[in-house]
Amino acid sequence: MSEPTNTPNLTILYIDDNQDNGYMLTHRLSRLGVKCIVSSKPRQTVSLMLEHQPDMVLLDINMPYVSGFGVLNKISATELIASTPVWAFTANSGSDA
């Protein structure tokens, strides 16, 4: 894969309890010039968003202690970050996902 000639100036906050996924994402996106902030602590999402002002958040829905839905509610309730795009996902492939 060749290095891009036109690198984006993007910052993505990635929240997932699986740290291996964060490593993989950071490795791949950094090659494209994207800055990735990775956290396995969903309770810190709002403070990380306020600190880093990411362009987008990638958020795991199925996490222990605090679900992605709970994090989404906190983001929506915080005016300074409520309009930040959030892409929520889960690796759960069962029929009750």
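Two residues are in contact when heavy atoms lie within 4.5 Å of each other. This briefing applies that term to a predicted model, in which local features need pLDDT of at least 70 and side-chain atom pairs count only at pLDDT 80 or more, while totals for chains, interfaces and linings use all residues. Residues are numbered from 1 along each chain as its sequence is written, and side-chain values use heavy atoms, with hydrogens and water left out. Helices (H or I, at least four residues) and strands (E, at least two) are DSSP runs numbered from the N terminus.

**Ser-39**

- Leaving aside neighbours within four places in sequence, Ser-39 is in contact with Tyr-14, Ile-15, Asp-16, Gln-44 and Leu-48.
- Ser-39 belongs to strand S2 and is buried, with a relative accessible area of 6%; buried means under 20% relative accessible area, with a 1.4 Å probe and protein chains only.
- The side chain of Ser-39 reaches the backbone nitrogen of Lys-41 at 3.0 Å.

**Strands S1 and S2**

- S1 and S2 pair in the parallel sense over five bridges; pairing requires that DSSP finds at least two bridges between two strands.
- Thr-11 stands opposite Lys-35 in S2.
- From S1 the chain passes through helix H1 (residues 19-30) to S2, and this β-α-β crossover is right-handed: with the strands pointing away from the viewer, the path from the first strand over the helix to the second runs clockwise.

**Helix H2**

- In helix H2 (residues 45-52), the buried residues are Thr-45, Val-46, Leu-48 and Met-49.
- Seen down the axis of H2, these residues fall within an arc of 165°, so they line one face of the helix; the arc is that of the directions from the helix axis to the C-beta atoms.
- The buried residues of H2 pack against strand S1 (11-15), strand S2 (35-39), strand S3 (56-60) and helix H3 (68-76).
- Just after H2, Gln-53 takes a positive phi of about 45°.

**Nonpolar cores**

- A nonpolar core is a set of buried Ala, Val, Leu, Ile, Met, Phe, Trp, Tyr and Cys residues joined through side-chain atoms within 4.5 Å.
- The largest such core has 13 residues, and those with the most contacts inside it are Leu-13, Ile-15, Met-49, Leu-59 and Ile-75.
- S1, H2, S3 and H3 each supply at least two residues of this core, and the largest share, three residues, comes from H2.
- Not counting residues up to four places away in sequence, Ile-75 touches Thr-45, Val-46, Met-49, Ile-81, Ala-82 and Val-86.
- A second, separate core of seven residues includes Leu-25, Val-34, Cys-36 and Leu-58.

How values were computed:
Buried < 20%, exposed > 50% of the residue type's maximum accessible area, 1.4 Å probe, protein only. Polar contact = N/O pair within 3.5 Å; in protein donor to acceptor, adjacent residues only side chain to side chain.
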